[in-house]
Amino acid sequence: MESLPVASSASDADLISVTQSLAKEAHVLFQLGKYGDCLKVLNQILDKKAEDPKVLHNIAIVENFQDGFSNPKRFLETLDSLKKRSERPSGEVNVEVLDNRIKSMGNNGVNAVANIASNINNSQGIATDDFDVSVATFNIAVILYHLHEYGKCFSILERLYQNIQPIDERVARHVCLLLLDVSFVCHHVSRAADVIGYLERIGGNNLVSQGDSGNIPLQQLTTLVTKSTSTPSNVMLSSDSINSDQIVNTNGPESPLSRTLSEETLYESLISTLDVSGAQNLTRPSNDLSKTQTDESFISSPDLRLKVHLYKVWILILTRNLKAAKREVKMAMNIARGKDYSLALFLKSQLEYARNNHRKAIKLLMASVSQTEAGTSALYYNNLGCIYYQLGKYQTSAVFFSKALGSSSSQRKEKPMKLLSVSHDKSVLFAYNCGLLYLASRKPVLAVRCFQQAGSVFLKRSLLWLRIAECCIMFSEMNADIDVKVIGRGKWRQLVIECWNSRNLVQVDPNLSLMFAKSCLLNALHLLDCPYENLNLNLNPDPNLNTHGSNIKPGQGQVNSNGEAKETKVGNSIGNSNLLLQSSINEYEGLCGKENQMILQAVLADLAFVYLELGNAVKALAAARCLLRVPQCSRVYVFLGNIYAAEAYCLLNQPKQASEHLSSYISGQNSNNTGLPYSQEDCDIWQTRRSVDLDEANSNNAPSIDQSLPQGRSDSWFLKPEEARGVLLADMAAIAAAEGDIERAHEAVTLALSLIPNKPEVVLTATYIDLVLGNTRDAVLKLKQCSHVRFLPATLAEK
Amino acid sequence: MIGKPATALLYSLLKDGEKRPIEEIITDFSSKIPRSMHLGICSALVILLEDTPKFLKPTERLVAFALLHHAYSSLQSSTNPYLSLLVNAASNEKTEHPEKSFILHLLGGTKEVLKLSAADYVNKFDPSSHSFPPLDQLQKQYLDKAQPELFNCFFKDAAIKNVIPDPDIPRGCDFNSHEFDLQPGVKPKIGSGDREETLMGLIQSSSLEGLHPHWTRPRPPRLPVLEGELVWVNPDNSHEPLWDLGMCADTSRGAAVRELIVKALKGPLLPTQQEQVLLELTSDPKLVYHCGLTPRKLPELVENNPLIAVEVLIKLMNSPEISEYFMVLVNMDMSLHSMEVVNRLTTAVELPTEFVHMYITNCISSCENIKDKYMQNRLVRLVCVFLQSLIRNKIINVQDLFIEVQAFCIEFSRIREAAGLFRLLKTLE
């Protein structure tokens, strides 16, 4: 119906054959890299078919190859406008509307649907999609990928993938592979598994059997469709009928197709067919009409099979099913034998890294780099950085990360900038690692810069926002000291005790302020889809207090716990081979849920802390109470939640409620008799790391020192249980002192000082209590013993 | 907070109590010291007034009290936060009498005293002419009007002054002895100090906050680096833009198929046409998606060309739309052709069970609703053999539909095939 180029006249036919042969010629020239000649040919075609979008598309491609994609943004615009021009608004829309109606009508609605449908489509007949935009769309996605616009790229590919079946096999394979790469960057593991499942379903069996290079497996559908495996002794599939049935048996004597059959004979034949258990062969193994493809942009089946296999390994590693990954990687290496496949080696190394066999991981990385081009050296350095970070050797790690960043930026400087070199520049990813490293080395200023650089990719991950907030919190930590000014001389000598209000005097970089930390934490909370965010942060702790609505906007665009947009499965069922992946992913999603719980606790604790620092007791209280409501909240964070809530109540002049939060730790009659708020194990849970696989450790015989936990890590994480008890007692002392119960306060603060002698706040409280009791000497002694106290002569203090 | 010039000025004003009327001093204070500093200065004065070693001489104290009283004079007197300090001082045993009476004058709002200099007031003071009311009376008189102090903070309310005399002053240094005051021209003894120097230092380093109990606020721990949080990067495929092979491609074969499908919706195709459609569909596996068939058109295709319908559906098995096709298929009016298609599909591909069940239900109800006895018999026979075939080939599990099928058999037990199906069911029980 659309003016299909069916040869209606001789001249038309001529034109078609001329343009066809020119198109072939152009394609050959393109593949040979003779872009100038290719453009000439394309322009010849354009003379004959003015404004043909496909010709214009290919011209744009060639031009950009010619100048090395110097302006990818402009290229994108060109593609986009061409795509829009090719898309016809009607056609598909109708089908969609229709399908939705069918769904909504259920069983009985078919007739009604037919009516509606005839209204919609009236004379239009059958829709064609001659104007296939899949190539242009794919190319847009490719450019976005190279520009690190992973989110956009992912959603474009998603749309293509949702309707992948009609897309030309050559393009479809590229779509799948690109989608796989993007999925990995964006951590959309289950989407990746789905694509792998699809690739296996479509090509799997054929891929295994065909040793060719470039034949399209044509019989995929038929092969998969037959139930040779699942239906026992299927009558329909006797082997000789397959062989004899090469050609469609439309003219077979007993074929029900013969139009000569009357209704009656048709009836009888159907009856008899069914009655003899329906031995009627339908399966028609497609006689390999493999069109020989010389196109090098076609991913050959063995190649694809290997890639699929490697991607499977990758998913297994990401989902931490290391046993299965080990098994699969061996198989993959067998397939890859003879070819150099850096991905395979990288994956092997990643596997060993994941299993904490760091030495082996390093060895494999070295091997991979020896046989690959310079483009991967940045990856190599980055991965080495990861390994050394895990070993706790931050300095070495820093060297490698900066080398990774350095080799990326040197690539970037090359002129003209080639598209592929832009793509190889993964500095956005390295930046995140760098940020973590700087954070661990207590350099928040540098860390926050890195995290912001990584933001474009990690925007949707709550963890990024938490890390930035951690930078701000760390930055705010700087000066916490007591100044004692010594004023006057001799008998007039006076001591003025001052505590730090110095922090606010420093002009803080807005990207490191606590206000910024607050916004980041609220972002993280939103991304975590925290069920508390809307309910309880708004909850008034006290009807008399005026709390305004929290800053959190109610969830827009639901993002699930993994920070992934909800996905719909393509295809009906997951093949058997995919069960492994599916189960790993299920398990992994469980793990992610647990990790999200950890992140949530950290976010809420940080939020309560930041609000306290900002002097917003109401919000701090709300955050602390949210934290206490997290199911299976770690005892460490319960402790923090109680302390923060108690402080918030004090600031709100409600010491009774404050005491209630602390009293849960009191055992026995004596109110200063507190137990440990949490145990060492409670702390350890947060730092346990996978132990080395046993078999591996044995085979290595001597477990290397490298693999033990890096020193100093275990105790730097948080307050030890004893110290936490000290904090608890100090705070109980503060409340008691403010309430005037000096005796109890004194007892508590003495205990607290014995547990945490060097906390300025505790020393101040103790000093206060001593002074109230009139023990000036004790008070001054305590100040002198504390390392955080500076005695300053008045002249210095004057400045 | 309070800079050196302001301190010097304040101190000179305090000393001026010796010679100038207090009124003038107050005016100078208001005009020469910016208002923003008044609060800080007042709190410094409070510290100086409260201190046990008396930093201030009696005349200076009077000026200080006057300044404190004046600070809030523009407002209602009951809002003055230093009111209780004044009242306490006025009723304190230890307070010297001239001071007491001066404060009472201030509280009472008598302006005359302010016309005198502090020194004159002290000198002219006649203790016999004054009576000193006790604390509770004064409190009743002045503080009852006072609003309760605006709530500040639980901890800060408990604050005490943050200035303490150094307990470690050299031994043998008697505070009250003037021996240790600095004497001009004399080499200072160990332990001697200058009152003025201390005074100035205190004013300068005074802060609004006193010393109060402090809350220990633990810093939240950093979340340990999670497993897999460090980004390990593997080499990716080299993705390059693709050439569009669809340019100037020959679409005539696809177009021909589309036209044939249009025909196939309207009536049976000729065998050669059928052959052509099937051949093209096989040679280009993607063609089925482009041949123009949609779910709603399926019934027409089934009725006119069931074999093509079967082939198309088989090829569409991987399509996300396949369930819609099935939905249409099992719900279309039961006919020989639809049954043929369903039957072929059940044996060729794995048809979702729910669709098969739906179709069977559809068949059974069609049989029951048909009026023409002859037609009904024919249909029942057909359904029965169809069901038997399904059961034999284990395509359906009878248990799922047992009651429905059994009822069907009983209803039509007069028909031979139904009885046969019933027997088959019994053997499976």
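I began with a definition: a disulfide is a pair of cysteine sulfur atoms within 2.5 Å.

**Ground rules.** The model is predicted, so I took local features at pLDDT of at least 70 and side-chain atom pairs at pLDDT 80 or more, while totals for chains, interfaces and linings use all residues. Residues are numbered from 1 along each chain as its sequence is written, chains are lettered from A and ligands numbered from 1 in the order in which they are written, and side-chain values use heavy atoms, with hydrogens and water left out.

**Cysteines.** How many disulfides are there over all chains? I found zero by this rule. I looked up A:C450 and saw that its closest cysteine sulfur, in A:C434, is 4.7 Å away, which is too far for a bond. In chain B, the sulfur of B:C367 has its closest cysteine sulfur in B:C363, at 6.8 Å, and this too is too far for a bond. I then checked burial, where buried means under 20% relative accessible area, exposed over 50%, and partly exposed in between, with a 1.4 Å probe and protein chains only. A:C450 counts as buried at 9%, and B:C367 is buried at 0%.

**Aromatic rings.** I counted rings of Phe, Tyr and Trp (its six-membered ring) as a pair if their centres lie within 6.5 Å, with planes under 30 degrees apart called stacked, over 60 edge-to-face and the rest tilted. There are 25 aromatic pairs over all chains. One of them joins A:F65 and A:F69, whose centres are 5.0 Å apart with 75° between the planes, an edge-to-face pair. A:F65 counts as buried at 14% relative accessibility, and A:F69 counts as buried at 6%. I compared A:Y380 and A:Y381, where the centres are 5.4 Å apart and the planes stand at 50°, so the pair is tilted. A:Y380 counts as buried at 10% relative accessibility. Which residues form one aromatic cluster with B:W243? I listed A:F30, A:Y35, A:F65, A:F69 and A:F75.

**The sheet.** Here helices (H or I, at least four residues) and strands (E, at least two) are DSSP runs, numbered from the N terminus, and two strands pair if DSSP finds at least two bridges between them. I traced an open sheet of four strands with mixed pairing, in the order β3(A)-β1(A)-β2(A)-β1(B). Its edge strands, each pairing on one side only, are β3 (789-793) of chain A and β1 (163-165) of chain B. I noted that strands of a sheet pair through backbone hydrogen bonds, either parallel or antiparallel. Strand β2 (residues 494-499) of chain A pairs with β1(B) in the antiparallel sense, over three bridges, and A:Q494 stands opposite B:P165 there.

**The chains.** I recorded 37 helices and three strands for chain A, and 21 helices and one strand for chain B. Of the 799 residues of chain A, 54% count as buried, and of the 429 residues of chain B, 58% do. For accessible areas, which come from the Shrake-Rupley method with a 1.4 Å probe and, for residues, count only the protein chains shown as cover, I noted about 35400 Å² for chain A, with 53% supplied by carbon and sulfur atoms. Chain B comes to about 18900 Å², of which 54% belongs to carbon and sulfur atoms.
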